[in-house]
Amino acid sequence: MAFGSGSLMWFRKGLRIHDNPALEYATKGSAVLYPVFVIDPHYMKPDPSAFSPGSSRSGLNRIRFLLESLVDLDSNLKKLGSRLLILKGEPGEVLVRCFKQWDVKKLCFEYDTEPYYQALDVRVKEYASASGIEVFSPASNTLFNPGDIIHKNGGKPPLTYQSFLKLAGQPSWASSPLTITLSLLPPVGDFGNCEIFEVPTLKELGYEDPGQEDLTPFRGGESEALKRLRDSLSDRDWVANFEKPKGDPSAFVKPATTVLSPYLKFGCLSSRYFYQCLQDVYKKVKKHTSPPVSLVGQLLWRDFFYTVAYGTPNFDQMKNNRICKQIPWNDNDELLAAWREARTGYPWIDAIMVQLHKWGWMHHLARHCVACFLTRGDLFVHWEKGRDVFERLLIDSDWAINNGNWQWLSCSSFFYQYNRIYSPISFGKKYDPNGNYIRHFLPILEDMPKEYIYEPWTAPLSIQTKAKCIIGKDYPRPVVFHDSASKECKRRMGEAYALNKNLNGLVSEEELNSLRRRLEGNQKQEVKSKRRKIIAD
């Protein structure tokens, strides 16, 4: 083998051939190429103590989606005369082992702004540089490099979408063609005594395979991503008129969005290629929607959250997060479990949570409803707890976007109109008066008449009996009553906002606890006086 001619392409996300600058660079002037993916036990090892099947980090749906994406990547690499080399272990240690055994002169991987990868990449880059290995790590997961936007803004991330758009302008690469196909890759180098594996099955990772009907209808992989992209873009009128947040959250046979988010999350689809394809459609139609509501607007939202997340220390928590309001959320594990396990007694909320468990995906408006219900709308449970559930169960769970959206929906950051609450009854009814979505995901309510399906506790006992669903026995009573619970939540939010304003956002733990005690004391007093009134009446 010629000296200095080996490249290692380290796949993490970015599981694609098209528009993959790191892969393209790895092939240039290389006699051999090592396309590597490391099975990280931190992410993959089964955790029997978790609340749903999966590892400590991820539910089974997302693990399976990743495995399918790897099988597809391997197959696409084989068509180009290469293959995917699967290694196992802590990625930093595994790569150092590879550097020692293989004659690698170039290490290429897609840049990642997530804290886990940032820490990992520093270690790997330092070792590579000290060993005389060239490192190439382009920012190709987003439309813009988040670091560039922050630099343009004087070292701080823009905190509104509009200011982000102004700073961002047009992407620098947008007017030149992206590399969509590669004709041939260098052969795989000799891997010495490194143990190389095939892509494992769920069973080989130690999971019971639950069978297709219990898992997400969305298959992983670049081939599936490009097919889904073509199908979505074939309806030009739909693309031109797309307007978020419109769309029907109860549509499940054919979802009312592209469902491309999981493919963007794993980089099976390049967001830059998606952007260019959308621009091509826009050129061919008379008029089209614009950001923030258009499809291009959705890609820009993704970049916005990536940028804010990258430039905000402790972005994934309330404490020590300078852009997050300090709110005395209650610590009620029973309410959290009822929400997570789809037994709040509100069929619209519970059906969405069942879809999340089964499919690992639901419409963005459905996500808004359950996030609002858990936090500022009804249960007043901490957004971090809801974020953890989504982070585990969503196939498109993305660190920056998930944390950003939970702060938004709990009115902790970005959006502050806490009086605007999604009703767990009337919101779903508006889209699906017959309750077909509820009947599908909560079959226990299949025979409940439509007049009662959103509020089954109001159905007379004779109707419950006929529907074979007794409330309190076959399906739970509501954990709270929305009207009074949402009033109480608004009151608490108002007090918390006032405290944040008075202290200019610098609320200490002590001050937060003191407000929590006062609010809970007030609530107890109110309950007592209501009881006295009822007895007196």
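Helices (H or I, at least four residues) and strands (E, at least two) are DSSP runs, numbered from the N terminus. The views below come from a predicted model, in which local features need pLDDT of at least 70, side-chain atom pairs count only at pLDDT 80 or more, and totals for chains, interfaces and linings use all residues. Residues are numbered from 1 along each chain as its sequence is written, and side-chain values use heavy atoms, with hydrogens and water left out.

View 1. Pro 245 belongs to the loop between helix H9 (236-241) and helix H10 (261-265).

**View 2. The cis peptide bond from Pro 291 to Pro 292.** Here omega is near 5°. Pro 292 sits in the loop between helix H11 (271-284) and helix H12 (295-311).

View 3. Strand E1 covers residues 6-11, and six of its six residues are buried (under 20% relative accessible area; exposed is over 50%, partly exposed in between; 1.4 Å probe, protein chains only). The strand is therefore largely enclosed by the rest of the structure. In a regular strand the side chains alternate between the two faces of the sheet. In E1, Gly 6, Leu 8 and Trp 10 point one way, while Ser 7, Met 9 and Phe 11 point the other way.

**View 4. The strands paired with E1.** Two strands pair if DSSP finds at least two bridges between them. E1 and strand E2 (residues 32-39) run parallel and are joined by six bridges. Within this pair, Tyr 34 of E2 stands opposite Leu 8. Lys 106 in E4 is the bridge partner of Ser 7.

**View 5. Asn 320, a residue with positive phi.** Asn 320 is not a glycine, yet its phi is about 60°. Asn 320 lies in the loop between H12 and helix H13 (333-340). Its relative accessible area is 57%, so Asn 320 is exposed.

**View 6. Ala 342, a residue other than glycine with positive phi.** The phi of Ala 342 is near 60°. Ala 342 is part of the loop between H13 and helix H14 (347-359). With a relative accessible area of 12%, Ala 342 is buried.
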